Amino acid sequence: MPIYEYRCTACGHQKDHLQKMSDPALTTCPACGAEAYAKQISAAGFQLKGSGWYATDFKGGSGSSPKTEAPKAEAAPAATPCGGSCACH
C-alpha cells in the first residue's frame, strides 16, 4: 500500500498515511478538525534490490556509474577465409 503525505492548510499539521489506492482522500485534519486536510505531491521513494542492480546505479548526475563486473571478452574472429567481414555468410 502506498504512503500518502497530507497537510492541513488551516493549522499546518502534516502527517503520512498508509492507504489503499482505492481509499478516498482524507479531508478532515486529525489535529484541528478543519476540512482543510489535503494530499501533497511528493517524490516517491524506492530502492532497487537484487543481484541485477548495483549500489551506484542512478546516483549522481554523471550518466556513467562504475561497475564492479569484469569486462566482457571480445568475440573470436570467424573461422572463414574472409574473417567474417563480408556478406558471403
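Begin by selecting Gln40, which is partly exposed, with a relative accessible area of 31% (buried means under 20% relative accessible area, exposed means over 50%, and partly exposed is in between, using a 1.4 Å probe and protein chains only). The model on your screen is predicted, so that local features need pLDDT of at least 70 and side-chain atom pairs count only at pLDDT 80 or more, while totals for chains, interfaces and linings use all residues. Residues are numbered from 1 along each chain as its sequence is written, and side-chain values use heavy atoms, with hydrogens and water left out.

Gln40 is placed in the segment after β3 (strands are DSSP runs of E with at least two residues, helices are runs of H or I with at least four, and both are numbered from the N terminus).

Of the 89 residues in the protein chain, 11% count as buried.

His17 belongs to strand β2 and is buried, with a relative accessible area of 16%. If you also select Glu5, you will find its C-alpha atom 6.3 Å from that of His17, although twelve residues separate the two along the chain.

Move on to the loop between β2 and β3, where β3 covers residues 37–39. Lys20, which sits in this loop, is partly exposed, with a relative accessible area of 48%. The C-alpha atom of Lys20 is 8.6 Å from that of Ile3, and the two residues are 17 apart along the chain. Ala36 lies in the loop between β2 and β3 as well, yet Ala36 is buried, with a relative accessible area of 19%. Select Leu26 together with Ala36, and the C-alpha to C-alpha distance comes to 9.4 Å for a sequence separation of ten residues.

For the last stop, select Ile3, Tyr4, Ser42, Ala43 and Ala44, which lie nearest the centre of the largest pocket among its eleven lining residues (on a 1 Å grid over the protein atoms alone, a pocket is an open set of points where a 1.4 Å probe fits, with protein on both sides within 12 Å along at least five of seven lines, and lining residues have an atom within 4 Å of a point). Strand β1, residues 3–8, gives the largest share of this lining, namely three residues. How do the residues of the lining divide into nonpolar, polar and charged? Six of them are nonpolar, three are polar and two are charged (Ala, Val, Leu, Ile, Met, Phe, Trp, Tyr, Cys and Pro count as nonpolar, Asp, Glu, Lys and Arg as charged, and the others, Gly among them, as polar).
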